[in-house]
Amino acid sequence: TGEVTDAATLAMLSHVTQPRMTQILSLTLLAPDIQEELLHLPAAESGREPIHEKVLRPIVTEFDWRRQRTLWSKLKRRVAKQVPTAR
């Protein structure tokens, strides 16, 4: 709607730093199916979320969505090995 003209203004209104807003906005560069999966991830039962913005940075820097999907699959496998399953 044009209410916010740039990332710096958005950062100020959101009470985060401009670099943090840039990190958040970079997630829009992910392939749509990856974004969809991220939106539907279950919440961590305890502790820190295993998939967070920082671990997604290497994927975001890939412009090729096929390569992103490969990196995303590897990340999910790595996280699955680290997260204990419920008994």
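This is a predicted model: local features need pLDDT of at least 70, side-chain atom pairs count only at pLDDT 80 or more; totals for chains, interfaces and linings use all residues.
I took helices (H or I, at least four residues) and strands (E, at least two) as DSSP runs, numbered from the N terminus. I numbered residues from 1 along each chain as its sequence is written, and side-chain values use heavy atoms, with hydrogens and water left out.

**Pro42**

I looked up Pro42 and found it in the loop between helix 3 (32-39) and helix 4. Pro42 is exposed, with a relative accessible area of 65%; here buried means under 20% relative accessible area, exposed over 50%, and partly exposed in between (1.4 Å probe, protein chains only). From C-alpha to C-alpha, I noted 23 Å in space between Pro42 and Trp65, which are 23 residues apart in sequence.

**The chain as a whole**

I counted 5 helices and 0 strands in the chain, and the pattern read along the sequence is α-α-α-α-α. The radius of gyration of the chain is 15 Å, whereas a compact globule of 87 residues would have one near 12 Å; this radius is taken over C-alpha atoms, and the globule rule is 2.2 Å times the number of residues to the power 0.38. Along the principal axes, the C-alpha atoms fill a box of roughly 50 × 30 × 20 Å. Of the 87 residues, 18% are buried.

**Helix 1 with helix 2**

I then turned to the axes, which are lines fitted to C-alpha atoms, for helices over the stretch in contact, with angles running from 0 to 180 degrees between N-to-C directions. The axes of helix 1 (residues 7-14) and helix 2 come within 8 Å and cross at roughly 105°. That makes helix 1 roughly perpendicular to helix 2 (under 35 degrees is roughly parallel, over 145 roughly antiparallel, 65 to 115 roughly perpendicular and the rest oblique). Ala7, Ala8, Leu10, Ala11 and Ser14 of helix 1 make the contact with Gln18, Met21 and Leu25 of helix 2, where contact means heavy atoms within 4.5 Å.

**Helix 2 with helix 4**

For helix 2 (residues 18-26) and helix 4 (residues 53-60), I noted axes that come within 10 Å and cross at roughly 60°. The two helices, helix 2 and helix 4, are therefore oblique to each other. On the helix 2 side the contact is made by Arg20, Gln23 and Ser26, and on the helix 4 side by Glu53, Arg57 and Val60.
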